[in-house]
Amino acid sequence: MQFHKYDVVIIGAGGAGMRAAIESGQRARTAVLTKLYPTRSHTGAAQGGMCAALANVEEDNWEWHTFDTIKGGDYLVDQDAAEIMAKEAIDAVLDLEKMGLPFNRTPEGKIDQRRFGGHTRNHGEAAVRRACYAADRTGHMILQTLYQNCVKHGIEFFNEFYVLDICLTETENGPVCTGAVAYELATGEIHVFQAKSVVFATGGFGKVFKTTSNAHTLTGDGMGIVFRKGLPLEDMEFYQFHPTGLAGLGILLTEGARGEGAILRNASGERFMERYAPTIKDLAPRDIVARSMALEVLEGRGAGPNKDYVLLDCTHLGAEVLETKLPDITEFARTYLAVDPVVEPVPVYPTAHYAMGGIPTNIHGEVLRDNDNVVPGLYAAGECACVSVHGANRLGTNSLLDINVFGRRAGIAAAEYALSRDEHVELPENPAASVEAQVALALSEHGQERVADIRTELQATMDANASVYRTEDTLKTALHDVQALKERYAHISVQDKGKRFNTDLLEAVELGFLLELAEVLVHGALARKESRGGHAREDYPNRDDTNFMRHSMFYKQGEGLAADIRMDFKPVTFTRYKPMERKY
Amino acid sequence: MTATAETTAGSRGSLPPVPDGAVTVTVKIRRFNPEIDDEPRWDSFDIPALPSDRVLNLLHHIKWYVDGTLTFRRSCAHGICGSDAMRINGVNRLACKVLLKDLLEKGDKHTTITIEPIKGLPVHKDLLVDMEPFFEAFRAVKPYLVTYGNEPTRERIQSAADRERFDDTTKCILCACCTTSCPVYWTEGSYFGPAAIVNAHRFIFDSRDEGAEERLDILNDIDGVWRCRTTFNCTDACPRGIQVTKAIQEVKRALLFKRV
């Protein structure tokens, strides 16, 4: 076991983690622990843009952006947080430009902006050009720019360190976060990092689904660790399905394509979104477009030999727009489906994309331990966190915004908190014990279950029973399946018993997190007997503000994988927007 | 050693069903685990695969169902994160961007694919190499915007043409396909290598940047751009289609004519 001492430890090196590190690293002694090399993080896969009311190409203001975010989130958004995000968006974009991000430019040389789903002028009148972008590789540019600036500021990274636990020390004022415990992939050694503050920025858990835009490594580790510590997770039933995944593969095709004018069509060539969202059509928010696509297929209007997808028609955009503004997705379609978007429409279907829920935080990124109290020293930002700025459905581009605005806020808050403490709080006794036990158990001979089999079955049941449309019956099936898989997980076998880069062990540990988070998702989806945003219950098709205008809070009850889940509720914060019917 | 899907299936349950249209692929993989091996060896695996499968799918099939000790990096699985650079049939590629059908002759029912780690970086285990020397070279070229004086309140103004000037080199995902395809890099590991030069180029030709001279000084070094022998391996290897050799030539020219 090795021991390290820092002021601030940041877990994860995607957009949120590195944005936090740039702030924290200039103020306090900071270490970034990351499962992947920073530039491998999935922020790099984001494509379309980052919204901010710069008004560079047409009239816009941050209040409209706030409203769109709240309406887009089906009024489950905490309105104070949405207002902060929309207001600080402008500086967040300008900061990135000053750090070197190569945005596309207007003829006057300003940052160019394009349309995006759910972002409108004057509270829904028409689509507005708000998304700042760099071709269809905005996430790539953000990730590279943030890493470049981490290099510039000499940020200290511990690459391929897999954090498996955090240290909570009980004090008379409740638990305080005092560090993190990591498994070093290169050596199999356990490292304890004592810190005054810890920031989680570990991303999402899309790998609970089969068809997903998410990377193999997005297994919800940070959310899982927090949940195992008895701390709550918030709004986990709200999972976003991005409308345009490459059919059958789930690889993302940006909403920016529709922002540039691409059109969704069914088998007969009809522009079906005109029926579902007459005002903004193909640029309706993602939950609405994904459901519309699913309905087209369910009602027999799907395209292809099995009528199981719809078509994204870019052919009228012309080769030049595709090559200059959408080059990557053009290449994805050519490489993976052998379809050339310049001359033929691309088969698409919704793909599991983004967790609206996560580790509950306040607007400073401080992690909540219940509805009212924070865990001193513990922070979270980005997809793993739930502020909540996305409510029941995130608008496109608002995730790149979220990581920059709240990554920055969490980095500053964590550093300032660390600087305000003279001494490190003592670590709990044997801080590495649980991780050592977890690794030893996984490597021991205790069964013949294959990790890949359990994971495949988990993903299959989640796709079939807990995706775009859900019912009591499908969710009960999913819950039953997940619980049975958890029992089988107790008998997994890891073939690689070595210490050196044991990725076999890594996948086994990741599967444990996936199983727990899948159960929380399904549990929450069963309890929420209404349809709101990304959570669509066929048996409860309407939004029910009387009973469900509230955040869900999930607590793990007891130890071990088979433990129970306790649910509680947290009020939504309203400032100036009253819930209205959501029409586009 | 030859491991086949059939021989190891028994104790750990059945294998996934073989899909219609599958062909049999013999995957020959260069293996090395310094914990137990004295030197590298070749392992072969016969597995079923669809022509639409990525090479990464084949590696996953082996790891998940045949030999869990097989070790490689991967993450996004669609050519964006740069984790899974490897030598596939002798050329550097991302395993998630090569489809089996690209390696099959028409009508083939069987093929053999060889997979080795990228060359020029120390092998940690199987296909997983030490990336530190690669990232060290990247960090050494000041790969970030250098500016002096006060920052503007709003964004810096940059014309679309000036933005276009360095567009190609902004696409780099630091996968190391180019650097580890370079024969000069194989023999002289101290050479900065194509990827570091590409990332220097990305800033040298950015109209907002004021650090070109510092970077050009760094690349004028004995291990800098003059090591390049224009073999174009790097350009062929780049999974992002960057004109790597051209970028290196532009940096050379900037040094010769003291002008960017």
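Helices, of at least four residues, are DSSP runs of H or I, numbered from the N terminus. The exercises below concern a predicted model.

**Exercise 1. Locate A:Arg286 in chain A and determine whether it is buried or exposed.**

*Solution.*
Step 1. In an unreviewed UniProt entry, A:Arg286 is listed under "active site"; such annotations may be inferred rather than shown by experiment.
Step 2. A:Arg286 lies in helix α8 of chain A, which covers residues 286-298.
Step 3. A residue is buried if 20 or more other C-beta atoms lie within 10 Å of its own. A:Arg286 has 25 C-beta neighbours inside 10 Å and therefore counts as buried.
Step 4. Apart from neighbours within four places in sequence, the contacts of A:Arg286 are A:Gly117, A:Gln240, A:His242, A:Pro243, A:Asn393 and A:Gly396.

**Exercise 2. Describe how α2(A) packs against α3(A).**

*Solution.*
Step 1. Two packed helices are described by the angle between their axes and the distance between the axes.
Step 2. For helix α2 (residues 62-72) of chain A and α3(A), the axes come within 8 Å and cross at roughly 135°. This angle makes α2(A) oblique to α3(A).
Step 3. The crossing of α2(A) past α3(A) is right-handed.
Step 4. On the α2(A) side, A:Trp62, A:His65, A:Thr66, A:Thr69 and A:Ile70 take part; their partners in α3(A) include A:Gln79, A:Glu83, A:Met85 and A:Ile90.
Step 5. Sorted by class, this contact of α2(A) with α3(A) comprises 7 nonpolar, 4 polar and 2 charged residues.

**Exercise 3. Describe the crossing of α1(A) and α11(A) and the classes of the residues in their contact.**

*Solution.*
Step 1. The axes of helix α1 (residues 15-25) and helix α11 (residues 398-420), both of chain A, come within 7 Å and cross at roughly 35°.
Step 2. α1(A) passes α11(A) with right-handed geometry.
Step 3. Among the residues that meet are A:Ala16, A:Arg19 and A:Ile22 from α1(A), and A:Leu400, A:Ile403, A:Phe406 and A:Arg408 from α11(A).
Step 4. The contact of α1(A) with α11(A) holds 11 nonpolar, 5 polar and 3 charged residues.

**Exercise 4. Characterise the side of chain A that touches chain B.**

*Solution.*
Step 1. Chain A gives 46 residues to the contact, and chain B gives 41 residues.
Step 2. The elements that contribute two or more residues on the chain A side are α3 (79-99), α4 (138-152), α10 (327-337), α13 (451-465) and α15 (503-527).
Step 3. α4(A) supplies the largest share of this side, 6 residues.
Step 4. By class, the side of chain A that touches chain B has 17 nonpolar, 17 polar and 12 charged residues.

Conventions: Residues are numbered from 1 along each chain as its sequence is written. Chains are lettered from A and ligands numbered from 1 in the order in which they are written. This is a predicted model: local features need pLDDT of at least 70, side-chain atom pairs count only at pLDDT 80 or more; totals for chains, interfaces and linings use all residues. Two residues are in contact if their C-beta atoms, placed from the backbone, lie within 7 Å. Ala, Val, Leu, Ile, Met, Phe, Trp, Tyr, Cys and Pro count as nonpolar, Asp, Glu, Lys and Arg as charged, and the others, Gly among them, as polar. A residue is buried if 20 or more other C-beta atoms lie within 10 Å of its own, exposed if 12 or fewer, and partly exposed in between; C-beta atoms are placed from the backbone. Axes are lines fitted to C-alpha atoms, for helices over the stretch in contact, and angles run from 0 to 180 degrees between N-to-C directions. Angles under 35 degrees count as roughly parallel, over 145 as roughly antiparallel, 65 to 115 as roughly perpendicular and the rest as oblique. A crossing is left-handed if the near helix is turned anticlockwise from the far one by less than a right angle, and right-handed if clockwise.
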